[in-house]
Amino acid sequence: MSSECSSYLNADRVLVSGFSCPRVGGDARAVYCCGFQDVKYCCDDPHSFFPYEHSYMWWLSIGALVGLSIAAVVLFAFIITVCVLCYLFISTKPRSKLDTGLSLQMAGKASCY
C-alpha cells in the first residue's frame with residue numbers, strides 16, 4: 001500500500017516535486033501522504049496534520065501562556081493604579097463648596113426692608 005504526494009509550493013515559494021510514500025530509506029509504516037498545501041510528508045496516520053513532534057506544540061502553548069500571563073498582570077496593575085488614583089482624587093477634594101460671593105434669592109418675591 002502506498003500513496004502519492006503531489007508537488008507543491010513550500011512557504012518560501014519553492015516548488016517541491018511530488019513523491020510517493022513510503023519514501024526510500026524512510027519509515028516503512030509511513031504510507032500516507034499528510035500535511036498541508038505548503039508542507040507535505042509521509043506519515044503512518046491518515047489523520048495527521050502536523051509534521052512536528054508534540055513537544056514542539058507544547059512549547060508554543062507554554063509561550064502563549066507566559067505571554068497571556070504577563071499581559072494579565074500588566075492589565076491588573078493598570079486597573080489597580082486607576083482605582084488608587086481615583087480614590088486619591090476623590091478623597092483630596094475640599095469638603096465644602098466654594099463661596100462665589102452671591103446669595104441666592106427666590107424668584108417672584110419682592111423683599112422690602
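This is a short exchange about a predicted model of one chain.

Colleague: What makes up the secondary structure of the chain, and in which pattern along the sequence?

Modeller: The chain has 1 helix and 6 strands. Read along the sequence, the pattern is β-β-β-β-β-β-α.

Colleague: Why is I80 called partly exposed?

Modeller: The relative accessible area of I80 is 39%. Buried means under 20% and exposed means over 50%, with partly exposed in between, so I80 at 39% is partly exposed.

Colleague: Where does I80 lie?

Modeller: I80 lies in helix α1, which covers residues 54–91.

Colleague: What makes the nonpolar surface patch that includes I80?

Modeller: F76, I80, V84, L85, Y87 and L88 make this patch, with an area of about 630 Å². Patch residues need over 30% relative accessible area, and I80 at 39% therefore passes that cut-off.

Colleague: Which residues make up the largest nonpolar core?

Modeller: That core has 6 residues in all: C5, Y8, F19, C21, A30 and C42. Core residues must be buried, which means under 20% relative accessible area.

Colleague: Which residues does A30 touch, leaving out those up to four places away in sequence?

Modeller: A30 touches C21, P22, C42, C43 and D44.

Colleague: How much of the chain is buried, and what is its accessible surface?

Modeller: Buried residues are 11% of the 113 residues. The accessible surface is about 10,200 Å², with 65% belonging to carbon and sulfur atoms.

How values were computed. Residues are numbered from 1 along each chain as its sequence is written. This is a predicted model: local features need pLDDT of at least 70, side-chain atom pairs count only at pLDDT 80 or more; totals for chains, interfaces and linings use all residues. Side-chain values use heavy atoms; hydrogens and water are left out. Patches are made of residues with over 30% relative accessible area and no salt bridge: like charges are joined within 9 Å, nonpolar side chains (Val, Leu, Ile, Met, Phe, Trp, Tyr) within 5 Å. Accessible areas come from the Shrake-Rupley method with a 1.4 Å probe; for residues, only the protein chains shown count as cover. A salt bridge is a side-chain nitrogen of Lys or Arg within 4 Å of a carboxyl oxygen of Asp or Glu. Helices (H or I, at least four residues) and strands (E, at least two) are DSSP runs, numbered from the N terminus. Buried means under 20% relative accessible area, exposed over 50%, partly exposed in between (1.4 Å probe, protein chains only). A nonpolar core is a set of buried Ala, Val, Leu, Ile, Met, Phe, Trp, Tyr and Cys residues joined through side-chain atoms within 4.5 Å. Contact means heavy atoms within 4.5 Å.
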